[in-house]
There are 2 protein chains.
Amino acid sequence: MTKRAPTIEALTALFGDRISTAAAIRDQHGHGESWHPTALPDAVFFALSEDEVARAVRICADHATPIVPFGAGTSVEGQVQAVNGGISIDVSRMKRIIAVRAEDMDCTVEPGVTRVELNDYIRDLGLFFPVDPAGEATFGGMASTRASGTNAVRYGTMKDMVLSLRAVLPDGSVLRTGQRAKKSSAGYDLTRLMIGAEGTLGIITELNLKLAGIPQQVSAATCSFPDLRSAVRTVVETLQCGVAMSRIEVADEVQVKAFNLYNKTSFPEQPMLFLEFAGNPKGVAAEIEIVHDLALGNGGGDFQWANTEEERRALWRARYSAVASNKMLKPGAMGMSTDVCVPISRLVECIEATKQDLLRSSLPAPLVGHVGDGNFHLYILFDPNDPAEMREAERISEELAERAIAMEGTCTGEHGIGLGKRKFMNRELGNPAIAAMRAIKAALDPQNIMNPGKMLP
Amino acid sequence: MTKRAPTIEALTALFGDRISTAAAIRDQHGHGESWHPTALPDAVFFALSEDEVARAVRICADHATPIVPFGAGTSVEGQVQAVNGGISIDVSRMKRIIAVRAEDMDCTVEPGVTRVELNDYIRDLGLFFPVDPAGEATFGGMASTRASGTNAVRYGTMKDMVLSLRAVLPDGSVLRTGQRAKKSSAGYDLTRLMIGAEGTLGIITELNLKLAGIPQQVSAATCSFPDLRSAVRTVVETLQCGVAMSRIEVADEVQVKAFNLYNKTSFPEQPMLFLEFAGNPKGVAAEIEIVHDLALGNGGGDFQWANTEEERRALWRARYSAVASNKMLKPGAMGMSTDVCVPISRLVECIEATKQDLLRSSLPAPLVGHVGDGNFHLYILFDPNDPAEMREAERISEELAERAIAMEGTCTGEHGIGLGKRKFMNRELGNPAIAAMRAIKAALDPQNIMNPGKMLP
């Protein structure tokens with residue numbers, strides 16, 4: 001009989017067997033997709049509607065029981081670990097696509113819908129939702145971590161693609177942050193406050209999302225370079241020419257080797273760019289010419305085109321296979337993903353200093369990145385049973401975060417703070433920002449029941 | 001000797017004649033550019049640096065004296081009226097352009113810099129800042145009202161173009177909301193919280209702004225239509241075709257008449273679109289063809305091209321002359337500007353219902369709008385000495401706001417709430433949103449000294 005028994009009893013009385021205390025269910029909800037240790041909730045509640053979420057939150061509030069919002073469990077910084085126990089409120093069964101409005105190029109979805117599900121549903125309308133984190137995340141989770149992905153260089157991040165949302169606040173009231181106008185100056189931007197709040201201010205229960213038109217033509221290619229500097233210079237020059245790339249991604253030679261091992265591809269094992277152009281055919285042709293010239297000028301090889309839709313999908317499947325591919329490099333290893341983002345002018349310097357640091361280390365750490373945004377990831381492979389390797393992975397990760405912050409960048413471009421990055425918050429943002437965040441958290445969640453222990457240092 | 005005398009004395013001891021209690025100065029700082037009645041501050045402080053702002057705020061905080069941040073005084077919803085008296089802190093002399101980083105396509109400016117000043121300064125670098133409200137506003141003010149303008153359809157609003165900012169909080173501490181990475185998931189989005197806060201949470205003292213590349217080719221044209229519906233349909237269809245217009249603006253026949261009177265132009269006195277295409281020449285040519293076909297299909301006339309840079313400037317000068325032009329329609333009149341924004345699918349219906357309503361009224365009310373965003377303005381002309389006309393103007397404005405809200409839109413797309421739109425906040429956003437805003441305000445400004453009486457109902 002835990003101290004959460006009264007909460008669980010009250011929830012069970014209302015929701016029956018959609019409250020689970022089964023060990024396997026609690027374990028599955030005690031961790032995301034990362035190296036952070038599991039922390040079990042006392043129970044899991046599978047909610048089916050906003051009203052159910054609100055009723056469950058009110059019960060938890062009555063007993064000051066911690067709540068951890070849960071979607072697909074794909075977060076990588078320990079966002080769903082129930083560090084103080086309590087109730088994991090799983091919204092993954094809230095999967096309704098409530099409305100798609102082609103004329104407005106927007107839609108309304110429940111938080112358990114995933115981007116793949118939505119894109120399958122709207123493809124015939126000539127529309128798509130561009131934000132594409134690697135995991136099969138839910139929209140609730142993507143919004144909560146301010147996620148992005150390969151399309152952010154053109155379409156922005158979740159911050160840019162959510163029109164407004166609904167959320168259950170810590171007192172059980174239901175917040176509506178706005179309506180569906182493309183822009184509004186009506187009061188504090190509560191939409192953006194909830195996006196990236198990692199479930200510490202409430203549980204997102206509905207989202208109005210912007211959609212984008214599927215471009216007339218999409219052309220994708222890869223291009224190899226003699227060194228990382230040349231590849232990244234090409235990206236910087238492309239952006240400066242005003243070319244609106246739809247995707248521009250880098251992989252270092254270690255990452256390319258992993259891609260080849262896993263996908264049986266035969267990319268030259270040297271740094272490469274994944275490129276995608278999109279728009280009307282004449283505009284795309286002109287842009288390809290510009291970028292091709294820039295790549296050549298930086299010593300890049302010929303563009304290898306994905307000519308058919310099938311080849312293009314295969315190309316991006318390879319890029320998306322980074323995590324799975326990387327595990328081929330060190331069987332049995334666990335991965336620690338870094339997520340720095342720096343101003344473009346510092347990107348070459350940041351990457352080169354990082355590669356220098358890696359020369360000192362025995363751990364493989366492939367590098368892949370959304371370089372159009374200045375954002376790149378190392379996936380540091382370490383043996384979870386070897387404390388020295390784990391410490392070494394942490395050292396690399398921490399030094400990289402500090403390096404990015406010193407270059408006016410951030411320790412996290414798209415993964416969020418969770419448990420893993422709390423120690424960098426003060427350094428990156430300063431004490432007044434942390435004090436303001438604490439004041440906002442205390443004002444909206446005075447009992448500190450919403451995902452306690454996360455984000456704030 | 002007012003009750004603010006101790007504050008004014010303490011400020012004068014520090015800042016000498018940069019504290020003014022002169023009647024003309026106070027009057028100039030007691031109103032923006034709108035019909036809202038003047039409300040005088042007790043004194044005006046012309047700050048020269050962030051440190052001075054912080055010291056002044058600490059003095060005001062010690063005496064619980066209200067503070068009203070002031071830039072160019074171009075706001076239109078009563079944002080700068082000192083309704084509780086106190087100190088107007090004028091940052092318009094904080095005019096340093098601290099850094100322009102062409103490679104990062106960003107810059108750092110003080111809050112008193114205006115967009116025209118910045119654009120003059122960076123033009124030779126091939127860069128520009130796209131957000132363009134009609135007034136010669138400062139960046140501090142533009143951020144504080146979440147301003148937009150004619151380029152928002154392509155580049156977004158201040159919410160999208162500010163990377164991060166610094167602000168003096170109500171306790172005199174200096175908040176830094178982030179660094180210069182293009183994206184970050186580090187904690188609550190304090191940048192977006194300060195943008196649109198209308199000076200109620202702090203005084204913005206520095207901004208990191210994104211810049212855009214000046215496109216290779218820019219082509220502008222006008223096109224007349226038999227009725228508003230046809231013009232707006234053309235806009236909706238253009239957006240649906242994924243054409244990335246750089247500007248697409250509508251004016252109704254009343255507005256066109258005013259343009260002609262003021263600018264000595266000879267636009268046909270029927271609804272018209274102002275169009276601007278931008279990008280690489282081949283892409284632009286393809287887009288022009290698409291939009292031209294759509295316009296023809298909706299009964300539009302031939303495109304009238306602004307062929308030279310000079311003609312293009314003249315075209316946009318005409319569009320920007322709306323407020324000055326409108327005064328020609330009713331000499332001696334004052335204008336009440338509305339600012340609704342609705343989902344594109346409701347735009348025709350919203351505009352037609354509004355035009356129907358105007359048929360009942362004797363007041364001229366030209367219509368102009370950023371229709372690519374679903375945002376349009378009436379400029380309702382009334383005699384300020386005739387209470388019946390003023391009431392009639394308010395009736396039109398209020399019914400329009402209610403109509404937009406009922407269509408899932410907003411009462412303000414870009415002007416902000418200030419004093420004028422407070423009454424619509426509850427209806428548009430609901431009580432939990434207002435309660436959350438109040439809680440945030442109380443948490444960050446417990447003495448309620450930052451621009452009190454504004455925004456919240």
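How many helices and strands are there in chain A? In this predicted model, chain A contains 17 helices and 18 strands. Its radius of gyration is 22 Å, close to the 23 Å that the globule rule gives for 457 residues, so chain A is as compact as a globular protein of that length. Taken along the principal axes, the box filled by the C-alpha atoms of chain A is roughly 65 × 55 × 45 Å.

The interior and the surface of chain A can be described in turn. Of the 457 residues in chain A, 63% are buried. Where contacts join residues at least 6 apart in sequence, 72% of them in chain A link residues at least 24 apart.

The next topic is the contact between the chains. The size of an interface is often given as the accessible area lost when the parts come together. Here, chain A and chain B bury about 6500 Å² between them, and 56% of this area is on carbon and sulfur atoms. On the chain B side, K183(B), S185(B) and Y188(B) lose the most area to chain A, together accounting for 15% of what that side buries. The contact takes 79 residues from chain A and 79 residues from chain B.

Is I204(B) buried or exposed? The relative accessible area of I204(B) is 5%, under the 20% limit, so I204(B) counts as buried. Leaving aside neighbours within four places in sequence, I204(B) is in contact with P111(B), G140(B), A143(B), S144(B), L165(B), R166(B), A167(B) and M194(B).

Not counting residues up to four places away in sequence, P37(B) touches G30(B) and Q81(B). The C-alpha atoms of P37(B) and G416(B) are separated by 17 Å, and the two residues are 379 residues apart along the chain.

Backbone geometry draws attention to two further residues. Most residues other than glycine have a negative phi. What is the phi of E198(A), a residue other than glycine? The phi of E198(A) is near 55°, a positive value. E198(A) is situated in the loop between α8 (190-194) and β10 (203-210) of chain A, and this residue is buried, with a relative accessible area of 4%. N448(B), which is not a glycine, also has a positive phi, of about 50°. N448(B) is found in the segment after α17 (431-444) of chain B. With a relative accessible area of 39%, N448(B) is partly exposed.

Definitions and conventions:
Residues are numbered from 1 along each chain as its sequence is written. Chains are lettered from A and ligands numbered from 1 in the order in which they are written. This is a predicted model: local features need pLDDT of at least 70, side-chain atom pairs count only at pLDDT 80 or more; totals for chains, interfaces and linings use all residues. Side-chain values use heavy atoms; hydrogens and water are left out. Helices (H or I, at least four residues) and strands (E, at least two) are DSSP runs, numbered from the N terminus. The radius of gyration is taken over C-alpha atoms; the globule rule is 2.2 Å times the number of residues to the power 0.38. Buried means under 20% relative accessible area, exposed over 50%, partly exposed in between (1.4 Å probe, protein chains only). Contact means heavy atoms within 4.5 Å. Buried area is the accessible area (1.4 Å probe) that two parts lose on being put together, summed over both.
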